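I set out these entries to record what I looked up, item by item, with the sequence and coordinates at hand.

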Amino acid sequence: MTGRWRPRGPRTLRLRLTLGYGAIFLVAGLALLGVTYVLFNQQLTRSFEERFAAPPGRAKQFFIAEGDIRLTGDAAVEWLRRQELELRGAAGTSLLAQGVLALTVVGGAAVAFGWVVAGRMLAPLHRVTDTARRIAAAPMAERGLHERIALEGPADEVKRLADTFDTMVERLDHSFDGQRRFVANASHELRTPLTLNRALVELAMHRRTASPDVKELGESLLEINARHERLISGLLLLARSEQEIADRSPVDLADVVTHVVRQTADEAAAAKVTVYEVAGQAPVTGDALLLERLVHNLVENGIRYNLDDGSGWVRVVSRTVADGGAQVEVSNTGPEVPPYDVPPLFKPFHRHGAERVVTARSAGLGLSIVRSIAVAHGGDVSARPREDGGLVVTATLPRASPWPADEAGVPGRGRG
């Protein structure tokens with residue numbers, strides 16, 4: 001394998017700044033040590049030359065007496081020269097050794113100090129990164145757009161970056177809010193003409209002079225009108241569920257499951273589908289009407305997209321989970337669903353099986369509304385195909401604060 005070698009592992013900006021500080025300090029320290037060594041040698045040379053220099057006009061006499069050694073004249077000068085060289089070497093070696101040791105100790109302290117300073121300088125950038133990561137990690141992008149960095153400090157490059165990021169997120173937040181308001185307002189305005197259309201069609205159908213063809217056409221028009229009304233109601237509910245839940249109250253999903261199963265009993269009987277209920281205690285806090293719509297859409301989807309030979313069933317379970325959350329799980333028989341076709345089911349206007357006729361019973365908003373409601377309550381929804389056909393859809397919500405019934409150990413309710 002050929003190519004330029006590159007170091008493994010992440011090299012963060014903090015590490016690069018610290019290494020840069022350390023390298024600059026090392027180069028500066030070595031330069032200072034070299035200059036000091038040269039100046040020290042020059043000073044020693046000058047001192048010895050001044051000591052050995054003879055007065056003008058006459059020779060300087062030296063006499064050395066050390067133990068049994070007696071030196072005079074040139075021999076004494078030579079002996080002094082050797083002592084000078086030894087002293088200079090020892091002094092230079094000592095200077096270099098002590099200087100390198102001091103440079104190493106101070107350099108290590110400088111690198112550690114540089115690491116701390118770099119961390120403090122980059123702390124605002126970490127704050128920007130953490131905020132961007134939280135926004136990106138939100139189950140739905142617009143959920144995290146209310147967050148702001150609001151960085152305080154001098155108007156430097158990092159402060160300008162944080163302010164620019166806040167401005168961008170604020171504009172995106174306003175854009176999503178405007179989109180939701182537009183959907184809600186448009187859906188609300190469309191209700192009036194649909195209501196008027198239904199009234200006119202019913203009036204024409206119930207006239208005494210209405211022919212069978214007119215009545216048949218009226219039935220078709222009413223069915224199309226009803227589908228449009230369901231579509232608009234779904235859009236309104238979708239726009240509402242994508243807003244933040246401000247007014248929360250304690251809700252037991254077991255009560256919601258029991259109520260929804262009772263509501264959908266006639267539809268299940270008409271579709272020849274058996275509904276099994278296992279309503280275990282699952283306390284949460286949120287909007288009771290939205291949570292009822294969440295469970296209702298799951299059960300309704302399970303009934304609609306099922307077997308039509310009388311052997312189909314839907315099983316609705318509410319329970320608490322180990323991490324303290326609450327779940328509603330709806331499983332049903334039905335046609336086989338490929339795993340790759342499960343994620344698109346949560347997109348608006350998507351229906352499995354390409355059911356696109358104008359008289360379709362569903363507007364394709366059921367599971368998208370379920371997901372929006374779950375996310376608005378701080379939870380999420382997942383789905384997986386059953387081996388024998390159909391789906392298993394699980395909505396997980398954060399559990400409410402412990403209720404007295406929980407502390408008393410009251411078991412969950414079940415009915416099948």
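**Entry 1: Lys 272**

I looked up Lys 272 and found a relative accessibility of 54%, so I count the residue as exposed. The model I am reading is predicted. I placed Lys 272 in the loop that joins helix H6 (265–270) to strand S4 (273–279). I then read its backbone: phi of Lys 272 is positive, near 60°, and the residue is not a glycine.

**Entry 2: helix H8 and the residue that follows**

How many residues of helix H8 are buried? I counted 10 of the 11 in the run 366–376, and I note the helix as mostly covered. My list of buried positions in H8 reads Gly 366, Leu 367, Ser 368, Ile 369 and Val 370, then Ser 372, Ile 373, Ala 374, Val 375 and Ala 376. After H8 I noted Gly 378, with a positive phi near 85°.

**Entry 3: a nonpolar patch**

I next looked at the surface and recorded a nonpolar patch formed by Leu 15, Leu 19, Trp 115 and Val 116. Together these residues have about 330 Å² of accessible area. Which elements give two or more residues to the nonpolar patch? I wrote down helix H1 (13–52) and helix H2 (74–137).

I checked one member further. Leu 15 lies in helix H1. Its relative accessible area is 30%, so I class Leu 15 as partly exposed; that class runs between the 20% limit for buried and the 50% limit for exposed. As background to the helical members, I noted that an α-helix has 3.6 residues a turn, so residues three or four places apart point the same way.

Notes. Residues are numbered from 1 along each chain as its sequence is written. This is a predicted model: local features need pLDDT of at least 70, side-chain atom pairs count only at pLDDT 80 or more; totals for chains, interfaces and linings use all residues. Side-chain values use heavy atoms; hydrogens and water are left out. Patches are made of residues with over 30% relative accessible area and no salt bridge: like charges are joined within 9 Å, nonpolar side chains (Val, Leu, Ile, Met, Phe, Trp, Tyr) within 5 Å. Accessible areas come from the Shrake-Rupley method with a 1.4 Å probe; for residues, only the protein chains shown count as cover. A salt bridge is a side-chain nitrogen of Lys or Arg within 4 Å of a carboxyl oxygen of Asp or Glu. Helices (H or I, at least four residues) and strands (E, at least two) are DSSP runs, numbered from the N terminus. Buried means under 20% relative accessible area, exposed over 50%, partly exposed in between (1.4 Å probe, protein chains only).
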